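Please read it alongside the sequence and the model.

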Amino acid sequence: MQNQRTTTEWRELDAAHHLHPFTDTNSLNQQGARVITKAEGIYLYDSEGNKILDGMAGLWCVNIGYGRKDLPEVAKQQMEQLAYYNTFFKTTHPAVVELSHLLSEVAPEGFKHVFYTNSGSESVDTMIRMVRRYWDVKGKKDKKTLIGRWNGYHGSTIGGASLGGMTYMHEQGDLPIPGIVHVEQPWWYKHGKDMTPEEFGLAAAKWVEDKILEVGADKVAAFVGEPIQGAGGVIVPPSTYWPEIQRICQKYDILLVADEVICGFGRTGEWFGQQVFGFKPDIFTTAKGLSSGYQPIGAVFVNDKVATTLAAGGDFNHGFTYSGHPVAAAVAHANVKALRDEGIVDRVKNDTGPYMQKRWREVFSQFEHVDDVRGVGLIQAFTLVKNKATRELFPDFGEIGTMCRDIFFKNNLIMRACGDHIVSAPPLVISKEEIDQMLETAAKCMVEFEKQLKERGLV
Ligand code: PMP
């Protein structure tokens, strides 16, 4: 149980002992962290009694919404029955068997096998090891290099951070590791120049082909990308991009990997982002929405081709103490079943998703310094720009975004700034009335933001 302390006491203890992820510790501790004490539906509550609309579903993960009563009950029962056992040495347990069976039902055709992890980063690292093992077993031991993208995000472990294209992460700790290279992201607004989005999609896919030829197809193991780049700013690629990437990977005999950690489990209205863009990867990584954040768990899905090859290789020397943890597996099972059987994913596809996308465009397109208003299902964004007519971005990409994000925060609405992209991904249970409420608050914040831009002489 949590001790009942005052906000000040929590802040002081937090500052004294807790190192936060992706945080400038000194500057946080001067301010003090916001203390979140409970949550229900799409709302968070802090220790000061504020009710905050969570337009980010935590870190893009609480797909089913906060405060479900059934998931803790499942966790309790599983803990009482079998709190832990491993799946290493010729052992399994009902919770992991049931989850694997259910996942094979919701996965796209051809994906009947999963490998469990505890997070998105571990899913990505597992995938890197699988891809290299796949080519080893095939007898092509030189096929080791993975191609990722600049501004892609694949986690924070050494493998994941290397594969991701966040240079500010590479700068800390001598990344990327060898055997990982990057190509430019398919961001039409910035890189598309005078091309149509469709033309640009093909041009961006060609960068991948050029990289394959530069490295040598006999050395390239896989291309990896998020169907929609999430932390990079919800970069939605043109419709031509993924099918062309698929064609290129097939042409050069390279595995295609989708990182579905954000797009998976209904975020886009489809179960997985690959289904929106019409491509079929060989492997895809997941976490987040798999348990809606109620337990830490991730899963790597492999198609029959990869599963058969890995199996032919005998031992795959990889795994985690908590791979397929019984409590996490039981909770994930109940979560995925509810996302399906309560029609939550269907509603995003047919009702709330289209509604959000229509209203999001109506509300934000009218602002003078907002452009490229975009999104699919319940993942959306817009970009703050200096000049719409010339597509000029602000200098110091990110500074203005943070200023805008802070105005949302002050008004008890959580949206995130990724550079100068303002992004949102609320719980999938958000209703149309709640969407209206969220956008009404957001619009007021944007009026305030544009006022401040002028007052500070930034435009
Ligand atoms: N891949 C993608 C696409 C992600 O968005 C994230 C997290 N935002 C990760 C991997 C890493 O997941 P985790 O933080 O659970 O390790």
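## A helix pair

The crossing of H4 and H14 is right-handed, meaning that the near helix is turned clockwise from the far one by less than a right angle. Helix H4 spans residues 70–82 and helix H14 residues 326–341; they pack at an angle of about 150°, with axes 9 Å apart. Axes are lines fitted to C-alpha atoms over the stretch in contact, and angles run from 0 to 180 degrees between N-to-C directions. Helices are DSSP runs of H or I with at least four residues, strands are E runs of at least two, and both are numbered from the N terminus.

From H4, the contact (heavy atoms within 4.5 Å) involves Leu71, Val74, Ala75, Gln78, Met79 and Leu82. H14 contributes Pro326, Val327, Ala330, Val331, Ala334 and Asn335.

## Basis of the model

This is a predicted model, in which local features need pLDDT of at least 70 and side-chain atom pairs pLDDT 80 or more, while totals for chains, interfaces and linings use all residues. Residues are numbered from 1 along each chain as its sequence is written, and side-chain values use heavy atoms, without hydrogens and water.

## Helix H16

H16 (residues 399–410) has buried residues Ile400, Gly401, Met403, Cys404, Ile407 and Phe408; buried is under 20% relative accessible area, exposed over 50%, partly exposed in between (1.4 Å probe, protein chains only). These residues fall within an arc of 165° seen down the axis, so they line one face of H16. The arc is taken from directions between the helix axis and the C-beta atoms. On the other side of H16, Glu399 and Lys410 are exposed.

Among the elements covering the buried residues of H16 are strand E12 (379–387) and helix H17 (432–455).
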